[in-house]
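Open the structure in your viewer and keep the selection tool at hand. Each stop below names what to select and then says what is there.

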Amino acid sequence: MEVSYYPGCSLHGMAAEYDESIRSVCRSLDVALAELADWNCCGASSAHFLDDDLAVGLAARNLLIAEREGRELLIPCAACFQRLKHADKQLRKEAGRWTAEPYQGKARLLHVNEFFDRPELIQGVRRKVKRPLAGLAGVAYYGCLSQRPPKVTDSRQPENPTSMDDLLRAIGMEVRPWSYKTDCCGGSLAVARTDLVRKLSGDLFEAAVEAGAQCVVTDCPLCQSNLDSRQAEIEAERSKRYGLPVFYVTELMALAFGEDGADRWWKRHFVDPRPLLRSKGLA
Amino acid sequence: MVEANAQNSRDKVGAVMVVGAGIGGMQAALDLANAGFHVTLVEETTAIGGRMAQLDKTFPTNDCSMCTISPKLIEVDKHLNIDVVTNADVIGLEGEAGNFRVKVRKRPRFVNLEKCNACGDCLEKCPVALPSEFDQGMMARKAIFKRYPQAIPAAVAISKAGRAPCRAACPAAVHSQGYVALIRQRRYKEAAALVRRDLPLPSVCGRVCYHPCEDQCERGKLDQPVAICALKRFVGDWALQHDSQPEPFPLTHQEKVAVVGSGPAGLACANELIRRGYPVTVFEAAQKAGGMLRYGIPAYRLPDRVLDQDLDYLRKLGIRIQTGKPAASIADLKSQGFQAVFVSTGAPRGAPLGIPGEESEGVLDAIRFLRGVNSGAMARIEGSVAVIGGGNSAIDAARAAVRLGASQVKVVYRRSRAEMPAHDWEIEEAEAEGVGFEFLAAPIRIERQNGGVKRLVCLRMTLGEPDQSGRPKPVPVEGSDFDILVNLVIPAIGQSADLGGLGEVVQTTPRGWISSDAITLATNVPGVFAGGDVVTGPASVVDAFAAGKRAAESIDRYLRGVDLREGRDLASPTAPGPGAEDVKPQPRATPKTLGPARRRASFDEIVSSLTEEQAVAEAQRCLNCGICSECLQCVIACTAGAILHDMLPEEITVEVGAVLLAPGYEPFDPLLRGEYGYGRYKNVVTSLEFERILSASGPYQGHVRRPSDLAEPKRVAWIQCVGSRDPQLGNDYCSSVCCMYAVKEAIMAVDHVPGLEATIFYNDIRAYGKGFEAYYEGAKKNYGVRFKRGIISSVKERQQTRNLALAYVSESGQVAEEEFDLVVLSVGLRPSASTAQLAKTVGVELDRFGFCRTDALAPSRTSKEGIYVAGTFAAPMDIPETVMAASGAAATAAEALHEARGTRVREKTFPPERDVAGEEPRVGVFVCRCGTNIARVVGVSDVVDYARSLPYVAHVEENLYTCSTDTQRKIVETIQQYNLNRVVVASCTPRTHEPLFQETLREAGLNRHLFEMANIRDQCSWVHFSHPREATFKAKDLVRMAVARAATLRPFPDIRLEVDQRAIVLGAGVAGMTAALGLADQGFEVALVEREPEPGGIARQIRHTLQGADVQAFLADLVARVKEHPQVRLYTGATLEDFSGHVGKFKAKLRHNSRLLEVGGGAVIVATGGAAYNPTEYAYGQSAAILTQLELEQKLADPHFARGLKQVAMIQCVGSREEGHPWCSRVCCQEAIKNALAIKRANPAAGVFVLFRDIRTYGFDEIEYERAREAGVVFIRFEPEKKPEVTVDGGLRVRVIDDVLDRPVELRPDLLVLSAGIRPHPEAEAVSQALKVPLNADGFFLEAHMKLRPLDFGSEGIFLAGLAHAPKTIAESISQAKGAAARAATVLSKPFLDRSGVISEVDSTKCAACLTCVRLCPYDVPVITEEGVAFIEPASCQGCGVCAAACPRKAIVTRHYRDEQIAAKVDVLFGDAAFEAAGAAALQSGGET
């Protein structure tokens, strides 16, 4: 199976371990990733705040390339996914505004969880597990951009997505039920309003601990960054200790598949996951 | 029973079909049937009653819903002119208004309604539990079930999804899901009996069957199939140990049957025949019975012991098996007296290889080889063995050879492994035991040495094109011969038949098999049937069983002279898989098996039985695809013989003149609002689920608990508008009822759990109905219910406590989070799923939500003539609105069909009553067993013996079901035979059954009042089930008391009242005129009395409805029709001077044009209207710029008026929802929005501000509210404590504290419009006194019952409609007026009324005119006459007996309840000498149970 792959800027930068773990897992599952040729910015953050036409236009270029490549497009970053989905919807309505090329919307846009949770792949995931993550209890945290609004994301269960829960169960993890799967972590206010990020992310930690989680698993670089890098600050502010490592879902898949390299990623985390993994015999 | 002729009615059919039997459908059916139309009431589920039956209490009276509805259920059930058709769908409609033919499909109930007495004996036997629909899935019910205890028809039904895939896959149609279900309940004996019914040899089949059932098992799609075959073996083996001594089957037929051959086919045939009562003999040529089972299957798969035990059981059933003697010819058998023969001699001969050398010693075909092994003749093999062939026999032979010590065993097969016909698992086991395989090889000759075999010469093969069998054809490879050195060659390449002495007459195929018919198995010789291997060639054991059973059916038919073919193979469709998303994977049970080493060394059985624990756990893996498992336990339990598992759907065509649709609603699916976590969070329930939680018959027996931990919740939140007022989901209407039911549920919750904190999160509280506002205020004041305004956007579950956190904006404007123990989602109403199809079938249009499209001012009319609608299919509405709408729709249908009235009704005629005066009482006592309902607790025979000893008792009988039709017939005969003149039935409750037995008395020519019941079920066996001895004593007490009273009963006639078939309607507003026309169009003469000089009432001031219908045009038309109608006499400017009479005969004296005149009628409709409030507040009258809404509406008639406006303010609730006038006037919100929109349309720039408390645009009016906001109308909410302030000095100013901003807002409108409320009519009091009908505290007329009799007064024959009842819209007034007409028509449609003769009478010689009766009578019937004594009008008396009980002079007697009749009961309970002696004697004689 071959898919086009749109890493976006995050996966080339701060979320490099996300990128590496995706590539690693795909290798194991015989999924060939072809990085989208000459891709550019998705239009997230700055562009879509300032100029909607530009924001759609940037994404449109990527979509047209993907359409030419003729494969499904895997978009790991939730913000990129959201922008490309939005642009896709716009182009379907009036492509001519942004491009002279006809746009058919043939390339199916897929986010990481729904990509791996497909029947044909999840079977493979189950088969590839060498080291089930038994005893590791965590919560699946989807954040908002990959799910909502459903008229953009086409999510079938925007209030209660289950694809990551399925994946984590498939690799043997204990997935705790909680009500905060899609609550906001503070998102792109990470720079402007850190007080809000601390409040929102802090509430998520409280809920995760209450749910009996030992870690949080996400598939969004922004969520991962907020929850991981702000955790110490929040702990200090609330005089509490959460100690919740924040994983990318693909990191744990690679770990369960027994792939080399997982160890490399742990040291990039702010909340060091190694003590937890060690205690479960997983590191 | 006479069916009236339907000829001369201008082709219109005097019958109506009502679709949907909820409260609306039932009301419509009763109104129509009571007005002379025949009704077919079609219901989708198995019982009538609808949603209302599911509710706990009803608002605003807190009456028990079930208690109020169940008398209606019984009334419908007993009505001679209502045919109830349940479990049925309308599937077709032809014809036109007045003459429709409706096709109805009755889904099979699998229970004969005529026979089922709802005793419930079957329920406890059923092994399949399902979520109960009635309990919203919160409780379990059985696959055989009654929808709810009070359900009508009082009969069970069975849920089936079709034939379970396992059973469908089984050639012998074994009831596999059934025995699996029984094993799950550890009911092995029943399970074994079920298997034995289908299969002669369960233990054998459990070992050797290739179980095609498991291939189709739905569980296999999830993880692995259920081990069905192993379970069958488990029960088979269990039964061999625990249940091996059956009684022989009684022989009920003379005709002897011979079965030739004792293999599986023959034995299956014999098993089936002996069960049907035929003497059957099996002839077997071999020394022992069993055929191929014994001689063809090695012992490691099937030990002889098992076969012997199974055979032994068959012999005990009465099957004769003669062994060691081949059957002679057919002629011989016939001469021995056998009248039918089944030939099942099998295929016991091995086929030859057809190669050189095959005749030598050392070549032995597999059949002969295995026979030798199994009989013990072949005990050891020296050297090596080659087996030729790839089927199961080849594998059997090879594996047997290994066990006999062969040095090497090789299977030679000419194709590859993939093509081998043997089962995979057999091949794998053989390999494990050391059997070798030579694929793609075919023997070409056998070479000998020393008389024995030396080598087998083979040729290599290659696979070519597919041959006829679809498998690739083996093609020899030239020159590829090779040798295998062997000592024994076993060909296993086919078998042929052995017909013995039977072959000469029976036709055979060219290959030597018998020819028999595929379906009947009949051969060319009449009476001779053939099946099994001898017909088909070698096949599986279960195929042979199937053939045997099929033959038995044919033989039975043949011997009874019935067509052999008719109706065969009409199997029900296969059930779809139930889906298994929520099922946890669980591996299949594996029995213990021997390892290969042990296996090679002996013929010990390889596979063991499952252990009991394994079996039970395995049985639990079954997904119950068929729902009903067809275990047939209900058939065994049902002594009435009512269960019919083979019932098929049935289509009927009904001729009707009109169709009335009342299919009801379904609750909104809360999964569509994922943010509330329904389905994920256990403690989030729907309002309908909460109704069941509150209900005493619900999951927690009426204790309020929460599902997660069954704890009593202390903090409960209701979230309103779930699925309502929701444009996002396309449900942008208001569901109208949720506010009130939530208030009711909150009150009830607090009532159940003192201290419970109830909080309702809402948008607007829409307490718009009669008495609702007071109820809402009462909830706050008396129950502390908190009302919080705001939409809840999400619910979070606390993982440790399962509590639920709700975030909302608090009074201080901050986001607050609060925890609750339980959250109730007030789900809205949606049209039922099935109604779209129904609408399509009958051809009516739906609106965009799927509700039925109706005309704004003809609310019961659909888009198709002759089809009417009522209840929640038209729009969301509550119970009283539904009842009114149903009566209204009934009236509309009756108008259309009035010429045909009475043409389709049935009347029952009875023989003349026998005069029993002067006869000694001769009491007949009928004691009911009620299946086992009474008999399992009460010693019924004992009660019967006892009853015989009682004085006056002339005859006593014991009945299995006293209420069954047969027994009724018998009672009639018994009454006549024994000349009985009193009857006592000791059974269930008079509530449901007294009318039935009274009718039986009438059929026997006895007065119906000579009847008495003793309730020995509900009040004895049910409540004292754990004390049978005492219960029997009590039953005797009850019977003794009943007999004592029966002896005192006197016959008396019932009352027949003449009816003046005209009507009087008071008030000629929209309601009065509509009611009058409704009756006139039904053919009744109407006197319409109006106080004002002109008809029209308040509607004269209204131009349009909110939806835009032209009211003035409508009104003008109405007035014209009233004036022109020949049947209507309109008296305007007339006042009511005097009123008298009773139902059937009222008289009203009118002053009209200064003359006095009298009008008469059998029924009266009060439609005297209401009045608009004339405000005194908000500076009304002080400025020309301050108007009421009605005044504004008049002004808006001038299009220039709105254009001149810059800003308009409106104030709501003026004179409503205030102390002294606490009701909501219901129409003011619509009125304000209507006028606001009119202004905005004419002048979009005008600012319109509506100052309100709650906007109460219920139902589809909500859409107009939304439209108003979109148009820019500004809505500002104020608290009643902070009312707007209006000043006129220095220009009009309105100040209000905006509730959201919490800041004052000042408006300077050029117009202030007051939404003034509706008040009772000033003359209501006078009308109330004249008619002696009550008003409520607010001054509106008070109906008989707020829920179910909203159009009736307590005084019979007087009805109510329009604003006289309460504030309402024009459309509602119209609907209600039509309804009142329907109610009145139930009185007017017949020239007389039959009433019970149980009434109170005054002995005027004793009366002291003390007025006690006058004061106490709840119906205001007694009056003091001119003679100065009390008089009770028989026509008005309801027979309640209050006056008789209270009369200090004992001057009043209530018939049938005379003092001596009541005393008789009490006397014998506490010691009548004669009865005591009789009782004592009976006690000594026993009383043990």
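This is a predicted model: local features need pLDDT of at least 70, side-chain atom pairs count only at pLDDT 80 or more; totals for chains, interfaces and linings use all residues.

**Stop 1**

Select Pro60(B). Pro60(B) sits in the loop between β4 (57-58) and β5 (63-64) of chain B. The peptide bond from Phe59(B) to Pro60(B) is cis, with omega near -5°.

**Stop 2: a cis bond in chain A**

Now go to chain A and pick Arg148(A) and Pro149(A). The peptide bond from Arg148(A) to Pro149(A) is cis, with omega near -5°. Pro149(A) belongs to the loop between β5 (137-141) and α8 (150-153) of chain A.

**Stop 3: where the chains meet**

Show both chains. In the contact, 11 residues of chain B face 10 residues of chain A. About 930 Å² is buried between the two chains, and carbon and sulfur atoms give 39% of that area.

**Stop 4: two crossing helices**

Select residues 188-198 of chain B for helix α5, and residues 228-242 of chain B for helix α9. Their axes come within 9 Å and cross at roughly 105°. Angles of 65 to 115 degrees count as roughly perpendicular. Therefore α5(B) and α9(B) are roughly perpendicular to each other.

Show the side chains at the crossing. Residues of α5(B) in the contact include Tyr188(B), Ala192(B) and Val195(B), and those of α9(B) include Phe234(B), Val235(B) and Trp238(B). The residues of this contact divide into 9 nonpolar, no polar and 3 charged.

**Stop 5: a sheet of 4 strands**

Move along chain B to an open sheet of 4 strands, in the order β20-β19-β18-β25, with parallel pairing. The edge strands are β20 (436-438) and β25 (488-491) of chain B. From one strand to the next, the twist averages 25°.

Zoom in on β18, residues 384-388 of chain B, which pairs with β25(B) over 4 bridges. Pick Ala386(B): its bridge partner in β25(B) is Val489(B).

**Stop 6: a sheet of 5 strands**

Next comes an open sheet of 5 strands in chain B, ordered β31-β38-β32-β33-β34, with parallel pairing. Look at β31 (684-686) and β34 (786-789) of chain B: each has a single partner strand, so one side of each is left without a neighbour in the sheet.

Select β32 (residues 715-722) and β38 (residues 822-827) of chain B, which pair in the parallel sense over 5 bridges. Val722(B) has Val827(B) as its bridge partner in β38(B).

**Stop 7**

Pick Ser736(B), in the loop between β32 and α23 (738-752) of chain B. Ser736(B) has a positive phi of about 70° although it is not a glycine.

**Stop 8: a distant pair**

Finish with Arg1217(B) and Glu773(B), whose side chains meet in a salt bridge of 2.9 Å, N to O. The two residues are 444 residues apart in the chain. Over all chains, the count comes to 149 salt bridges.

How values were computed
Residues are numbered from 1 along each chain as its sequence is written. Chains are lettered from A and ligands numbered from 1 in the order in which they are written. Side-chain values use heavy atoms; hydrogens and water are left out. Axes are lines fitted to C-alpha atoms, for helices over the stretch in contact, and angles run from 0 to 180 degrees between N-to-C directions. Angles under 35 degrees count as roughly parallel, over 145 as roughly antiparallel, 65 to 115 as roughly perpendicular and the rest as oblique. Contact means heavy atoms within 4.5 Å. Ala, Val, Leu, Ile, Met, Phe, Trp, Tyr, Cys and Pro count as nonpolar, Asp, Glu, Lys and Arg as charged, and the others, Gly among them, as polar. Two strands pair if DSSP finds at least two bridges between them. Buried area is the accessible area (1.4 Å probe) that two parts lose on being put together, summed over both. A salt bridge is a side-chain nitrogen of Lys or Arg within 4 Å of a carboxyl oxygen of Asp or Glu.
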